[in-house]
Amino acid sequence: MSVDEGDVRTASEEGGPALSGDVRTHARAHVVLPAYNEAASLPPLLTRLAEVALTEKLTAWVVDDGSSDGTADVVAAGWPGLDVRLVRHRVNLGLGQAVQSGLRAVLAEASGDDVVVVMDADDTHDPALIHRLEDEIAAGADVVICSRFVDGGDDATAPPLRRLLSRGAAALFRRVLRFADVRDFTSGFRAYRVSLLARAQRHWGERLIEERGFACMVELLLKLRHCRPVVTEVPLALRYDRKRGPSKIRIARTVGQYARLLVRDRLSPAPHRAL
Ligand SMILES: Nc1nc2c(ncn2[C@@H]2O[C@H](COP(=O)(O)OP(=O)(O)O)[C@@H](O)[C@H]2O)c(=O)[nH]1
Ligand SMILES: [Mg+2]
């Protein structure tokens, strides 16, 4: 199995457009986009990200997870006004490994006060929220979750079965896990303080994300918990109406992964050595 871990490329035009005067100076947002066959969704999403890049220092990292639809070509073609990098898996390794490869690439380059944002590449998450995420981190949060389940959040555009899974998982995890302020445990749209991720990566190494599927979002939260992060939520209005094609989630498999994760978290309290 070959993973092009080192295959990270800059696809942006040299220089890019002139940036406006109120570009932020304190932090760069590194936006990780795990992408499996998202060639149709990436152009509108990268266009939205380029709009945010007019006022935020921003680098997009697309992790092409062994796509067969030309996802990598869309990125490699370059995107006007956006610093976009490509990380490639030659074969499909699943969402967990896609997120892990993206984080690894970002952490090799980011500085401690930068912000890492992970969001879906299916254009259902609005990049306009990145500004708010950076504000939360600047105000002291270590992890910010874009939440469908707080006032102002909304998942009404998602299909009923998809909503049931997210809501059921949220209710279960809220009961079982010790996260007082978290309502949306499985949202794929989150921001992390780089120094927190770097600390966790030093401890966990390649085991920072072991889940292959969608349960990786909960797994990462559980592992970061041991660093005692400040976790906040901001409202997310999910734009499932913009999704081209069906969700890639495998619901039965994901329910099994969630159950296994909970049992494992109970049986073997991590970390195994001090962080
Ligand atoms: N299902 C799936 N998604 C992947 C994989 N690798 C990366 N992804 C990305 O993970 C994100 C989540 O999938 P998505 O279909 O949006 O799920 P949903 O919106 O939560 O129903 C998308 O950006 C996918 O392109 C993979 O192997 N399988
Ligand atoms: Mg999605």
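A residue counts as near a molecule if its C-beta atom, placed from the backbone, lies within 6 Å of it. By this criterion, 18 residues surround ligand 1. The closest are Tyr36, Asp65, Ala121, Ser247 and Lys248. The model is predicted: local features need pLDDT of at least 70, side-chain atom pairs count only at pLDDT 80 or more, and totals for chains, interfaces and linings use all residues. Residues are numbered from 1 along each chain as its sequence is written, while chains are lettered from A and ligands numbered from 1 in the order in which they are written.

The shell around ligand 1 holds 7 nonpolar, 5 polar and 6 charged residues. Here Ala, Val, Leu, Ile, Met, Phe, Trp, Tyr, Cys and Pro are nonpolar, Asp, Glu, Lys and Arg are charged, and the others, Gly among them, are polar. Strand S2 (29–35) and helix H3 each supply at least two residues of this shell.

The chain forms 8 helices and 8 strands. These are DSSP runs, numbered from the N terminus (helices: H or I, at least four residues; strands: E, at least two). Of its 275 residues, 44% count as buried.

Gly94 sits in the loop between strand S4 (83–89) and helix H3 (95–107). Gly94 is partly exposed because 19 other C-beta atoms lie within 10 Å; buried requires 20 or more, exposed 12 or fewer, and partly exposed falls in between, with C-beta atoms placed from the backbone. Beyond its neighbours within four places in sequence, Gly94 is in contact with Arg212 and Gly213 (C-beta atoms, placed from the backbone, within 7 Å). Gly94 and Phe214 are 120 residues apart in sequence, yet their C-alpha atoms are 8.3 Å apart.

Conventions
Two residues are in contact if their C-beta atoms, placed from the backbone, lie within 7 Å.
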